[in-house]
Amino acid sequence: MTNSTSPSQSHEKRSVFGWLMAHRARIWGWLRIVIAAVLMIFVVELVSRDSDKLHDVNWSLIPLAWGLMLVSTVIKALRWGLLVRQSRMDVPFRRLLGTYLVGSFFSTVLPTSVGGDAVRAVDMASSTGRVADSTSSVLIERGFGLLAVIGSGSLFGLFLDNGKVPQAFILVIHGMFIAGIVGIIVLRQGWFMEPLARLMDRLKLGRFVDKVRSMHAALSGHLGRPAVLWQMLILSIVANTLTMGATYLVLTAVTDPIPVASFVPMIALTTTAELIPISIASLGVKESAYVFFLGLAGVGSAEAGMIALIMRVLTWGHALLGGIVFLSRSVRTRSNSKESQTQTS
């Protein structure tokens, strides 16, 4: 039997594969834009299809919901500040809050899954000169926030009526919460450090071992004081309650309220779905998750879609504050740079 693939065809396949590999970042970026657009069109179509159900939206509750989101951000900045002070990094709370808002801004506009958290870590490192401690503080602060959301979903999921929500989804929440607790314990104890160092040496990546050890020291140090962790847990519960309260206000403004015990697990799953990096700033993914998970709790598709769109607009309004902070900082830095140049000359 002869080979049906000619040398020219093989070369063409290799060329196409090479082009795809060379431009994979650009292709993935455009693909994420397409996915975001398709999902958003889907949600908007659901809302417009049954728009007659949305005539009685109580818009007076929406500013209150936005206010709760803003207070939640202040609490999150306080939570972050616990780790910053523990590391003896001299950063005032005003700076931390501003950087948190800037992070929210970049989480909204950057086409990446890390977004604002990376911006926060870089800003903190540039202010303090301590890369490992800055990165560790951001990672742990974000992790505690996500764990609080998942933990609340796991707790409320225990009290759901059988058949109200598919058991598979509740088991997913329980599993994620347990995995988060185990992850904190592993990071604290550092059991993985030496095996990881040996593996990196075998892979001829020994030059990175010191950086990994430094990061591990920062992580275990931040996780080493139970009093700080308990304070972070309390602040996480407060921030989570405010954020979910804002979402529940929007739900109440749009449609008849559903039991809180059904609402919390669904929002926990929705928040988790935002982490899937297949679109820009979870655009479309978050909205589709609202429609799907709130639908399991008895909310109509049009109503869930409207809730999702309102929450997206509130998030943009929140990010706008971060954009203003970022712009003012940029203008101030440029002005100071010009003054320094003038004095030098």
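**A buried serine, then the rest**

Guide: Start with Ser 87, which touches Arg 130, Asp 133 and His 222, leaving out residues up to four places away in sequence. Keep in mind that this is a predicted model.

Visitor: Where is Ser 87 found?

Guide: Ser 87 sits in the loop between H3 and helix H4 (93-109).

Visitor: Is Ser 87 buried or exposed?

Guide: Buried. Its relative accessible area is 10%, and the cut-off for buried is under 20%.

Visitor: What about Arg 88?

Guide: Arg 88 also has its place in the loop between H3 and H4. Arg 88 is exposed, at 73% relative accessible area. Its phi is positive, about 55°, although Arg 88 is not a glycine.

Visitor: Step back a bit. How many helices and strands does the chain have?

Guide: There are 13 helices and zero strands. Read along the sequence, the pattern is α-α-α-α-α-α-α-α-α-α-α-α-α.

Visitor: And how much of the chain is buried?

Guide: Buried residues make up 40% of the 345 residues.

Visitor: What share of the contacts join residues at least 24 apart?

Guide: That share is 73%, counted among contacts between residues at least 6 apart in sequence.

Visitor: Let's pick a helix pair. At what angle do H5 and H6 pack?

Guide: About 145°, with the axes 8 Å apart. H5 covers residues 115-128 and H6 covers residues 131-157. Their crossing is right-handed.

Visitor: Which residues meet there?

Guide: From H5, they are Asp 117, Arg 120, Ala 121, Met 124, Ala 125 and Thr 128. From H6, they are Val 131, Ser 134, Thr 135, Val 138, Glu 141 and Arg 142. By class, this contact has five nonpolar, three polar and four charged residues.

Visitor: Which residues do salt bridges with shared partners join into one network?

Guide: Before that, take one more pair. The side chains of Arg 312 and Glu 287 form a salt bridge at 2.6 Å, N to O. Now the network: shared partners join Arg 79, Asp 117, Arg 120, Glu 141 and Arg 142.

Visitor: What does Arg 329 form a salt bridge with?

Guide: With Asp 123, the closest N and O atoms being 3.8 Å apart. That pair links distant parts of the chain, helix H13 (residues 301-344) and helix H5, 206 residues apart. Arg 329 is buried at 12% relative accessible area, and Asp 123 counts as buried at 16%.

Visitor: New topic. Which residues touch the most other members in the largest nonpolar core?

Guide: Val 250, Val 254, Phe 263, Leu 294, Ile 307 and Leu 314, out of 41 residues in that core. The elements giving two or more residues to the core are helix H2 (24-49), helix H3 (62-86), H6, helix H10 (226-254), helix H11 (260-273), H12 and H13.

Visitor: What is Leu 294 in contact with?

Guide: Leave aside its neighbours within four places in sequence. Leu 294 then contacts Leu 251, Phe 263, Met 266, Ile 267, Ala 289, Val 299, Ala 304 and Ile 307. Another core lies apart from the largest one. That other core has 13 residues, including Ile 75, Ile 140, Leu 235 and Ala 239.

Visitor: One last stop. Where is Pro 277 found?

Guide: In the loop between H11 and H12. Pro 277 is partly exposed, at 36% relative accessible area. The C-alpha atoms of Pro 277 and Arg 32 are separated by 8.3 Å, and the two residues are 245 residues apart along the chain.

How values were computed:
Residues are numbered from 1 along each chain as its sequence is written. This is a predicted model: local features need pLDDT of at least 70, side-chain atom pairs count only at pLDDT 80 or more; totals for chains, interfaces and linings use all residues. Side-chain values use heavy atoms; hydrogens and water are left out. Axes are lines fitted to C-alpha atoms, for helices over the stretch in contact, and angles run from 0 to 180 degrees between N-to-C directions. Helices (H or I, at least four residues) and strands (E, at least two) are DSSP runs, numbered from the N terminus. A crossing is left-handed if the near helix is turned anticlockwise from the far one by less than a right angle, and right-handed if clockwise. Contact means heavy atoms within 4.5 Å. Ala, Val, Leu, Ile, Met, Phe, Trp, Tyr, Cys and Pro count as nonpolar, Asp, Glu, Lys and Arg as charged, and the others, Gly among them, as polar. A salt bridge is a side-chain nitrogen of Lys or Arg within 4 Å of a carboxyl oxygen of Asp or Glu. Buried means under 20% relative accessible area, exposed over 50%, partly exposed in between (1.4 Å probe, protein chains only). A nonpolar core is a set of buried Ala, Val, Leu, Ile, Met, Phe, Trp, Tyr and Cys residues joined through side-chain atoms within 4.5 Å.
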